[in-house]
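Thank you all for coming; I would like to walk through one model this morning, going from its sheets to its helices and ending on a single loop residue. Please keep the display in view as I go.

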Amino acid sequence: MDTDKQELKNKLRAEIRAKLENLSLQKRKSDSEKLRAKLKEQSFFQSAASVLFFAPLPTELDLWPLLEESFAAGKIIALPRFDPASQSYLACRVGSLQDQIISGQFSIREPHKNCVEIPSREIDLILIPGIAFDLQGRRLGRGKGFYDRLLAEIRGVKCAIAFDEQVAEKIPVEPHDVRMDFILTPTRCAEIEK
């Protein structure tokens, strides 16, 4: 990657992180509730038989309460598990949040090693965190490429999950970057034209 793109990405990461750190706990909670309600209204969520969720970091929107509802609705639920050998995430099926979730490689909740991997072609919907997104479907991650490798394998609907403060005008991209199909925030759901 050229140095200019890397500098632009690093500057944008710093700007968005500063915005996120300034969000009050109440706003995070309120926005998470709004986003969960908005997600449940979307036809791509309603029709998905299998969903790859993510365990939120403190600065991310919290979809966790929706996992139990999704189990009850009969959906197949998966979470990313970090695989040190491949330096990437695997989508692993979870049957119980009480018995099968551990603190993983980066102190992020993830499936226990006994949870089976779900082939990427069997995932209908992936809900994707990131630092920033733009309305052309581009994503700015944390800079290690772990999620990029996972996204490259999945053919299902890719939905970015973001606070409104995470939507940027334009994100610099590279050939390996995977575009989103939707950007979902507490106030809107934008379908990306491709």
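This is a predicted model: local features need pLDDT of at least 70, side-chain atom pairs count only at pLDDT 80 or more; totals for chains, interfaces and linings use all residues.

Strand S7, residues 132-134, and S8 pair in the antiparallel sense over two bridges, where two strands count as paired if DSSP finds at least two bridges between them, and where strands (E, at least two residues) and helices (H or I, at least four) are DSSP runs numbered from the N terminus. Within that pairing, Phe133 stands opposite Arg139 in S8. These strands belong to an open sheet of three strands in the order S8-S7-S10, with mixed pairing. Strand S8 (139-140) and strand S10 (167-168) are at the edges, each with a single partner strand, so one side of each has no neighbour in the sheet.

Residues are numbered from 1 along each chain as its sequence is written, and side-chain values use heavy atoms, with hydrogens and water left out.

As a whole, the protein has five helices and twelve strands, and its C-alpha trace spans about 45 × 40 × 35 Å along the principal axes.

There is also an open sheet of seven strands, again with mixed pairing, in the order S3-S2-S1-S6-S9-S11-S12. Its edges are strand S3 (88-94) and strand S12 (189-191), and because each has a single partner strand, one side of each is left without a neighbour in the sheet. From one strand to the next the twist averages 25°, with axes being lines fitted to C-alpha atoms, for helices over the stretch in contact, and angles running from 0 to 180 degrees between N-to-C directions. Strand S2, residues 76-83, pairs with S3 in the antiparallel sense over seven bridges, and the bridge partner of Phe82 in S3 is Tyr89. Helix H5, residues 146-153, packs on this sheet and touches S1, S2, S3, S6 and S9, its direction making about 60° with that of S3; contact here means heavy atoms within 4.5 Å.

Turning to the helices, how do H2 and H4 pack? Helix H2 (residues 25-41) and helix H4 (residues 65-72) pack at an angle of about 30°, with their axes 10 Å apart. That makes H2 roughly parallel to H4, a description that applies to angles under 35 degrees. Arg36, Leu39 and Lys40 in H2 meet Pro65, Leu66 and Glu69 in H4.

Finally, Asp181 is found in the loop between S10 and strand S11 (182-184). Leaving aside neighbours within four places in sequence, Asp181 is in contact with Gly156, Val157, Lys158, Ala190, Glu191, Ile192 and Lys194.

Technical notes: Angles under 35 degrees count as roughly parallel, over 145 as roughly antiparallel, 65 to 115 as roughly perpendicular and the rest as oblique.
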